[in-house]
Amino acid sequence: MQIIGILNVPRNKNMKKYLVIGNPIEHSLSPKLHNYWLNKNKIDGNYEKKLLTEEKVGEFLRSNQNISGINVTVPFKKTVLNYCTELTELASSSQSVNTIILSNDKIIGDNTDVYGFEQSLKDLNFHGLNKTAFILGAGGVVASVVIALNNLGVKNIVISNRTKNKAEALAKDYNLVVSDWGKIVDFDIVINCTSIGLNQDDSLGLDFSEVKDKIFYDIIYKPKTKFLIDAESSDNQIIDGKMMFLYQAQKSFEIWHGIKPEINKEVINLLND
Ligand code: ATR
């Protein structure tokens, strides 16, 4: 496997077809967003979504000659590592691919989730110095969140996951502290990286009722999770995954088309419809 810098990624001049793969995929707003930007920027292309099963991912990546770019969502961000012929440094360090560039016979894996998460916090003037971050979950997105937090200067990161050994594995790789699931540690920012909240009735079963004036971030962008609703009612600052989603998409678009599409009110509203 070759590790490359993103600036060396070769661009295919005839890019036309893009899509997002995942399972489930019905809820994905990526097609709406990318097609809007393609249209606004007068690029002759089309972006669709594709439901896949784990066994079909490799075959799909290798067989689709006329696809130029693919976004990868849950649960395949790790799976696709096995089929990429090259990885960018970020995809390699996070072991997570959400953006693929298909060029000639190459399947190049990149990661724009790190940028997405980092930029969403930069927008809010978040400074990481002397801050403690508390991460809930140990799934595919956590490494990207950790790298972004490190980039923002956060040195103290505590991770807690229902299945402790998954948290321990990440802690070893990224120098984190593990806390037992159910225990609430002191923190400045807590980030829900679990899948709990995707269904409106989902509850993490953690008691944050005593916590005030902190930042609660949920990677999930829709609907507003119970985690955030409860945090807001206890006078905490809340951030949902909307801006992270928009920024990761913006970066993917830029990688594929060489144009940084605009994020404005109209674009943000696309996600609210
Ligand atoms: P992915 O890697 O695709 O992001 P994942 O590996 O299924 O998704 O991660 C989902 C995360 O949500 C995990 O941290 C998972 O905890 P486990 O490792 O213990 O499975 C967490 N999660 C899912 N359902 C949960 C629940 N009911 N309570 C607590 N955590 C849960």
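Student: How do the residues of the shell around the ligand divide into nonpolar, polar and charged?

Tutor: Quick caveats: this is a predicted model, where local features need pLDDT of at least 70, side-chain atom pairs count only at pLDDT 80 or more, and totals for chains, interfaces and linings use all residues. Numbering runs from 1 along each chain as its sequence is written, and side-chain values use heavy atoms, with hydrogens and water left out. Ala, Val, Leu, Ile, Met, Phe, Trp, Tyr, Cys and Pro count as nonpolar, Asp, Glu, Lys and Arg as charged, and the others, Gly among them, as polar. The shell then splits into five nonpolar, seven polar and two charged.

Student: Which side chain has a polar atom 2.6 Å from an oxygen atom of the ligand?

Tutor: Polar contacts here are pairs of N or O atoms within 3.5 Å. Gly 140 makes one through a polar backbone atom, 2.6 Å from a ligand oxygen, and a backbone N or O atom of Ser 195 sits 3.2 Å from a ligand oxygen. The side-chain one belongs to Asn 161.

Student: Which residue forms a salt bridge with Glu 86?

Tutor: A salt bridge needs a side-chain nitrogen of Lys or Arg within 4 Å of a carboxyl oxygen of Asp or Glu, and the count by this rule is nine. For Glu 86, the closest N and O atoms of the pair are 3.6 Å apart. The partner is Lys 106.

Terms used: A polar contact is a pair of N or O atoms within 3.5 Å; within protein, one must be able to donate a hydrogen and the other to accept it, and residues adjacent in sequence count only if both atoms are side-chain atoms.
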